[in-house]
Amino acid sequence: MNKEEFINEVSKLGINLTEEQLNKLDIYAKFLVEYNSHTNLTAITEEDQIYLKHFYDSITLVKAVDLTKINNLIDVGTGAGFPGMVIKILFSNITVTLLDSNNKKISFLEELGNKLNLTNINYYHGRAEEFCLKNRETFDLVTARAVSNMITLSELCLPLTKLNGYFIPLKGSNEEEINSSINAIKKLGGNIEEIIKFSLPYEESTRNIIKIKKVNNTPKEYPRRYDKIVKYPLK
Ligand code: SAH
(Lines give C-alpha, C1' and ligand atoms only; values in the text may rest on other atoms or scores of the structure.)
Protein backbone atom coordinates (compact mmCIF):
# COMPACT_ATOMS: atom_id res chain seq x y z
CA MET A 1 0.00 0.00 0.00
CA ASN A 2 1.71 3.18 -1.13
CA LYS A 3 0.97 6.53 0.52
CA GLU A 4 -1.65 7.54 -2.01
CA GLU A 5 -3.48 4.26 -1.52
CA PHE A 6 -3.15 4.69 2.24
CA ILE A 7 -4.72 8.16 2.16
CA ASN A 8 -7.54 6.80 0.03
CA GLU A 9 -8.23 3.76 2.23
CA VAL A 10 -8.12 5.88 5.40
CA SER A 11 -10.62 8.31 3.87
CA LYS A 12 -12.96 5.35 3.39
CA LEU A 13 -12.80 4.95 7.18
CA GLY A 14 -14.11 8.51 7.45
CA ILE A 15 -10.80 10.23 8.17
CA ASN A 16 -9.27 12.91 5.99
CA LEU A 17 -5.65 13.05 7.01
CA THR A 18 -4.05 16.49 7.32
CA GLU A 19 -0.59 17.37 5.95
CA GLU A 20 0.65 17.56 9.51
CA GLN A 21 -0.58 14.06 10.36
CA LEU A 22 0.90 12.63 7.15
CA ASN A 23 4.18 14.32 7.90
CA LYS A 24 4.23 12.82 11.42
CA LEU A 25 3.49 9.34 10.05
CA ASP A 26 6.30 9.79 7.55
CA ILE A 27 8.76 10.67 10.32
CA TYR A 28 7.44 7.70 12.32
CA ALA A 29 8.00 5.22 9.45
CA LYS A 30 11.53 6.50 8.81
CA PHE A 31 12.50 6.53 12.48
CA LEU A 32 11.10 3.01 12.94
CA VAL A 33 13.27 1.66 10.12
CA GLU A 34 16.35 3.54 11.31
CA TYR A 35 15.97 2.45 14.95
CA ASN A 36 15.18 -1.09 13.89
CA SER A 37 18.59 -1.37 12.23
CA HIS A 38 20.22 -1.50 15.68
CA THR A 39 17.34 -2.45 18.01
CA ASN A 40 14.78 -5.09 17.15
CA LEU A 41 11.32 -3.49 17.12
CA THR A 42 9.43 -5.05 14.23
CA ALA A 43 9.79 -7.61 11.46
CA ILE A 44 8.02 -5.26 9.04
CA THR A 45 10.43 -2.70 7.62
CA GLU A 46 9.36 -2.10 4.04
CA GLU A 47 7.57 1.26 3.74
CA ASP A 48 4.46 0.04 1.89
CA GLN A 49 4.08 -2.73 4.46
CA ILE A 50 4.48 -0.32 7.39
CA TYR A 51 1.67 1.82 5.97
CA LEU A 52 -0.60 -1.20 5.51
CA LYS A 53 0.16 -3.60 8.35
CA HIS A 54 1.07 -1.09 11.03
CA PHE A 55 -0.53 2.29 10.24
CA TYR A 56 -3.70 1.33 8.37
CA ASP A 57 -4.33 -1.71 10.56
CA SER A 58 -4.04 0.47 13.72
CA ILE A 59 -6.52 3.01 12.36
CA THR A 60 -9.19 0.34 11.79
CA LEU A 61 -9.98 0.76 15.50
CA VAL A 62 -12.32 3.55 14.30
CA LYS A 63 -14.62 0.87 12.89
CA ALA A 64 -15.56 0.04 16.49
CA VAL A 65 -15.57 3.36 18.32
CA ASP A 66 -15.89 7.10 17.73
CA LEU A 67 -12.42 8.20 18.85
CA THR A 68 -13.34 11.89 18.84
CA LYS A 69 -15.39 11.14 21.98
CA ILE A 70 -12.67 9.30 23.94
CA ASN A 71 -10.63 11.07 26.63
CA ASN A 72 -8.33 8.44 27.95
CA LEU A 73 -6.88 5.39 26.16
CA ILE A 74 -4.28 2.76 27.04
CA ASP A 75 -2.57 0.47 24.54
CA VAL A 76 -1.41 -2.66 26.38
CA GLY A 77 1.70 -4.28 24.88
CA THR A 78 2.07 -1.44 22.41
CA GLY A 79 5.43 -2.66 21.05
CA ALA A 80 6.61 -0.06 18.54
CA GLY A 81 3.35 1.88 19.06
CA PHE A 82 0.60 -0.13 17.37
CA PRO A 83 -2.15 0.86 17.56
CA GLY A 84 -1.64 3.48 20.36
CA MET A 85 0.94 5.81 18.81
CA VAL A 86 -0.86 5.94 15.46
CA ILE A 87 -4.13 6.75 17.24
CA LYS A 88 -2.41 9.54 19.19
CA ILE A 89 -1.09 11.10 15.96
CA LEU A 90 -4.58 11.10 14.42
CA PHE A 91 -6.61 11.95 17.53
CA SER A 92 -4.69 14.51 19.54
CA ASN A 93 -7.78 14.95 21.77
CA ILE A 94 -7.03 11.63 23.50
CA THR A 95 -4.65 11.26 26.42
CA VAL A 96 -2.80 8.10 25.41
CA THR A 97 -0.82 5.74 27.63
CA LEU A 98 1.60 3.39 25.88
CA LEU A 99 2.47 0.40 28.04
CA ASP A 100 5.03 -2.29 27.32
CA SER A 101 7.17 -4.64 29.37
CA ASN A 102 10.07 -4.14 26.94
CA ASN A 103 12.02 -1.02 27.84
CA LYS A 104 13.72 -0.70 24.43
CA LYS A 105 10.33 -0.26 22.82
CA ILE A 106 9.24 2.32 25.38
CA SER A 107 12.51 4.26 24.87
CA PHE A 108 11.92 4.27 21.12
CA LEU A 109 8.38 5.59 21.60
CA GLU A 110 9.51 8.30 23.98
CA GLU A 111 12.14 9.52 21.52
CA LEU A 112 9.61 9.45 18.72
CA GLY A 113 7.01 11.33 20.79
CA ASN A 114 9.58 14.03 21.54
CA LYS A 115 10.52 14.34 17.85
CA LEU A 116 6.82 14.78 17.02
CA ASN A 117 6.18 17.23 19.89
CA LEU A 118 3.31 15.13 21.19
CA THR A 119 1.61 16.17 24.42
CA ASN A 120 -0.80 14.30 26.70
CA ILE A 121 0.98 11.03 26.14
CA ASN A 122 2.37 8.73 28.84
CA TYR A 123 5.04 6.10 28.34
CA TYR A 124 5.12 3.28 30.82
CA HIS A 125 7.65 0.50 31.04
CA GLY A 126 6.11 -2.37 32.95
CA ARG A 127 3.78 -5.31 32.94
CA ALA A 128 0.04 -4.78 32.54
CA GLU A 129 -0.85 -6.92 35.54
CA GLU A 130 1.44 -4.84 37.80
CA PHE A 131 0.45 -1.49 36.27
CA CYS A 132 -3.11 -2.43 37.20
CA LEU A 133 -2.37 -2.28 40.94
CA LYS A 134 -2.38 1.53 40.83
CA ASN A 135 -4.48 2.17 37.73
CA ARG A 136 -7.45 -0.09 38.19
CA GLU A 137 -10.59 0.78 36.19
CA THR A 138 -9.26 4.16 35.04
CA PHE A 139 -9.36 4.01 31.22
CA ASP A 140 -12.32 4.81 28.93
CA LEU A 141 -10.79 2.65 26.26
CA VAL A 142 -8.29 -0.19 26.50
CA THR A 143 -6.89 -1.61 23.30
CA ALA A 144 -4.23 -4.15 22.32
CA ARG A 145 -2.94 -5.84 19.19
CA ALA A 146 -0.99 -9.10 18.91
CA VAL A 147 -0.16 -9.46 22.60
CA SER A 148 -1.67 -12.79 23.65
CA ASN A 149 -4.74 -15.00 23.34
CA MET A 150 -8.15 -13.54 24.21
CA ILE A 151 -8.45 -15.16 27.64
CA THR A 152 -5.05 -13.97 28.87
CA LEU A 153 -5.48 -10.59 27.24
CA SER A 154 -8.89 -10.08 28.83
CA GLU A 155 -7.47 -10.69 32.30
CA LEU A 156 -4.74 -8.12 31.60
CA CYS A 157 -7.03 -5.51 30.06
CA LEU A 158 -10.54 -5.65 31.55
CA PRO A 159 -9.32 -4.75 35.08
CA LEU A 160 -7.92 -1.51 33.59
CA THR A 161 -11.20 -0.62 31.86
CA LYS A 162 -13.56 1.88 33.53
CA LEU A 163 -17.11 0.79 34.25
CA ASN A 164 -19.14 1.53 31.08
CA GLY A 165 -15.88 1.92 29.15
CA TYR A 166 -14.65 -0.41 26.42
CA PHE A 167 -11.95 -2.99 25.90
CA ILE A 168 -11.39 -3.34 22.15
CA PRO A 169 -8.62 -5.70 21.03
CA LEU A 170 -7.62 -5.94 17.38
CA LYS A 171 -7.50 -9.63 16.54
CA GLY A 172 -6.75 -11.79 13.53
CA SER A 173 -8.83 -14.58 12.09
CA ASN A 174 -9.06 -17.07 14.96
CA GLU A 175 -12.78 -17.12 15.75
CA GLU A 176 -12.60 -20.23 17.91
CA GLU A 177 -10.23 -18.34 20.23
CA ILE A 178 -12.76 -15.53 20.47
CA ASN A 179 -15.72 -17.85 21.15
CA SER A 180 -13.90 -19.78 23.86
CA SER A 181 -13.20 -16.55 25.78
CA ILE A 182 -16.83 -15.51 26.27
CA ASN A 183 -17.11 -16.89 29.82
CA ALA A 184 -13.79 -15.46 30.95
CA ILE A 185 -14.85 -12.04 29.64
CA LYS A 186 -18.09 -12.29 31.61
CA LYS A 187 -16.25 -13.20 34.83
CA LEU A 188 -14.05 -10.14 34.40
CA GLY A 189 -17.06 -7.82 34.03
CA GLY A 190 -17.17 -7.58 30.25
CA ASN A 191 -19.81 -8.22 27.64
CA ILE A 192 -19.10 -8.67 23.92
CA GLU A 193 -21.27 -6.07 22.21
CA GLU A 194 -20.13 -6.56 18.67
CA ILE A 195 -17.54 -8.36 16.56
CA ILE A 196 -16.49 -6.43 13.50
CA LYS A 197 -15.06 -8.69 10.84
CA PHE A 198 -13.36 -7.44 7.69
CA SER A 199 -10.36 -8.06 5.54
CA LEU A 200 -7.36 -5.84 5.23
CA PRO A 201 -7.24 -4.18 1.80
CA TYR A 202 -4.59 -5.30 -0.70
CA GLU A 203 -3.61 -8.49 1.05
CA GLU A 204 -7.05 -9.75 2.12
CA SER A 205 -6.14 -11.20 5.49
CA THR A 206 -9.00 -11.48 7.98
CA ARG A 207 -9.36 -9.20 10.99
CA ASN A 208 -11.77 -9.23 13.91
CA ILE A 209 -12.25 -6.25 16.17
CA ILE A 210 -13.93 -7.30 19.41
CA LYS A 211 -15.99 -4.58 21.05
CA ILE A 212 -16.34 -5.45 24.73
CA LYS A 213 -18.25 -3.20 27.10
CA LYS A 214 -17.34 -3.15 30.78
CA VAL A 215 -20.72 -3.79 32.35
CA ASN A 216 -19.61 -4.85 35.87
CA ASN A 217 -16.60 -4.09 38.06
CA THR A 218 -13.86 -6.71 37.80
CA PRO A 219 -13.67 -8.92 40.92
CA LYS A 220 -10.72 -7.90 43.08
CA GLU A 221 -8.83 -11.16 42.63
CA TYR A 222 -8.09 -10.30 38.97
CA PRO A 223 -5.62 -9.85 37.43
CA ARG A 224 -3.67 -12.65 39.08
CA ARG A 225 0.09 -13.05 38.77
CA TYR A 226 1.18 -13.66 35.18
CA ASP A 227 2.27 -17.26 35.74
CA LYS A 228 -1.18 -18.03 37.18
CA ILE A 229 -2.98 -16.23 34.37
CA VAL A 230 -1.21 -18.45 31.86
CA LYS A 231 -1.21 -21.70 33.83
CA TYR A 232 -4.84 -21.58 34.98
CA PRO A 233 -6.71 -19.70 32.25
CA LEU A 234 -10.18 -18.48 33.23
CA LYS A 235 -12.97 -20.75 32.06
N1 SAH B 1 1.01 -4.19 19.76
C2 SAH B 1 2.23 -4.25 18.98
C3 SAH B 1 3.27 -5.21 19.59
C4 SAH B 1 2.88 -6.66 19.61
S5 SAH B 1 4.18 -7.70 20.24
C6 SAH B 1 1.92 -4.63 17.54
O7 SAH B 1 0.80 -5.05 17.27
O8 SAH B 1 2.80 -4.50 16.68
C9 SAH B 1 3.62 -7.93 21.91
C10 SAH B 1 4.16 -6.87 22.87
O11 SAH B 1 3.50 -7.05 24.12
C12 SAH B 1 5.66 -7.00 23.14
O13 SAH B 1 6.27 -5.75 22.87
C14 SAH B 1 5.73 -7.39 24.62
O15 SAH B 1 6.85 -6.79 25.25
C16 SAH B 1 4.41 -6.87 25.18
N17 SAH B 1 3.85 -7.58 26.33
C18 SAH B 1 3.58 -8.91 26.43
N19 SAH B 1 3.02 -9.20 27.63
C20 SAH B 1 2.92 -8.02 28.30
C21 SAH B 1 2.44 -7.67 29.62
N22 SAH B 1 1.94 -8.58 30.44
N23 SAH B 1 2.49 -6.36 29.98
C24 SAH B 1 3.00 -5.44 29.13
N25 SAH B 1 3.48 -5.72 27.90
C26 SAH B 1 3.44 -6.99 27.48
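## Overall fold

The protein chain holds 10 helices and seven strands (DSSP runs numbered from the N terminus, helices being H or I with at least four residues and strands E with at least two). This is a predicted model, where local features need pLDDT of at least 70 and side-chain atom pairs pLDDT 80 or more, while totals for chains, interfaces and linings use all residues. Residues are numbered from 1 along each chain as its sequence is written, and side-chain values use heavy atoms, without hydrogens or water.

The C-alpha trace spans about 45 × 35 × 30 Å along its principal axes.

## Ligand site

The ligand sits in the largest pocket. A pocket is an open set of points on a 1 Å grid over the protein atoms alone, where a 1.4 Å probe fits, with protein on both sides within 12 Å along at least five of seven lines. To sit there, more than half of a molecule's atoms must lie within 2 Å of the grid points.

Around the ligand are 16 residues (a heavy atom within 4 Å). Gly-77, Phe-82, Asp-100, Ala-128 and Arg-145 come nearest. The shell divides into five nonpolar, six polar and five charged residues. Here Ala, Val, Leu, Ile, Met, Phe, Trp, Tyr, Cys and Pro count as nonpolar, Asp, Glu, Lys and Arg as charged, and the others, Gly among them, as polar.

## Polar contacts

A polar contact is a pair of N or O atoms within 3.5 Å. A backbone N or O atom of Phe-82 lies 2.7 Å from a ligand nitrogen. Polar side-chain atoms also take part: Lys-105 has one 3.0 Å from a ligand oxygen, and Glu-129 has one 3.1 Å from a ligand nitrogen. Alone, the ligand exposes 580 Å², and the protein buries 82% of that (Shrake-Rupley method, 1.4 Å probe).

## Backbone exceptions

Most peptide bonds are trans. Phe-82 and Pro-83 are joined by a cis bond, omega about 5 degrees. Pro-83 is in the loop between β1 (72-76) and α4 (84-90). The bond from Tyr-222 to Pro-223 is also cis, with omega near 0 degrees.

Note on methods: Polar contact = N/O pair within 3.5 Å; in protein donor to acceptor, adjacent residues only side chain to side chain. 1 Å grid on protein atoms, 1.4 Å probe; cavity = no way out; pocket = protein on both sides within 12 Å on 5 of 7 lines; lining within 4 Å.
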